[in-house]
Amino acid sequence: MCKIDFTLDAKTIQELQEFAKLLNKDISKIMQEALEDYFAKAEQELLAKEKSQTNLSYDEFWDGVDV
């Protein structure tokens, strides 16, 4: 496991502390779960963006190209 330093605003820290108490979870666990959700969502958005940029079929893409 690696350790990194970063800064959060006071409101976010307060919310993390409150949710940690309510959920009876360690703040590190909450952050890990939140980041996993974020990465999954970001990956889906990137895949959707990539798919929208390549919506031509093979024949449509190569139509009119002489090789």
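Start by selecting S28, which sits in helix α2 (helices are DSSP runs of H or I with at least four residues, numbered from the N terminus). You are looking at a predicted model, where local features need pLDDT of at least 70, side-chain atom pairs count only at pLDDT 80 or more, and totals for chains, interfaces and linings use all residues. Residues are numbered from 1 along each chain as its sequence is written, and side-chain values use heavy atoms, leaving out hydrogens and water.

Is S28 buried or exposed? S28 is exposed, with a relative accessible area of 51% (exposed means over 50%, using a 1.4 Å probe and protein chains only).

L16 and S28 are 12 residues apart in sequence, and their C-alpha atoms are 9.5 Å apart in space.

Now show helix α1 (residues 10–23) and helix α2 (residues 27–53), which pack at an angle of about 105° with their axes 9 Å apart. So α1 is roughly perpendicular to α2 (a label for angles of 65 to 115 degrees). To see the contact (heavy atoms within 4.5 Å), select L16, Q17, F19 and A20 on α1, then I27, I30 and M31 on α2. By class, this contact has 6 nonpolar residues, 1 polar and no charged ones.

Terms used: Axes fitted to C-alpha atoms, helices over the stretch in contact; angles between N-to-C directions. Helix = DSSP H or I, 4+ residues; strand = E, 2+ residues; numbered from the N terminus. Parallel < 35°, antiparallel > 145°, perpendicular 65-115°, else oblique. Nonpolar A, V, L, I, M, F, W, Y, C, P; charged D, E, K, R; others polar. Buried < 20%, exposed > 50% of the residue type's maximum accessible area, 1.4 Å probe, protein only.
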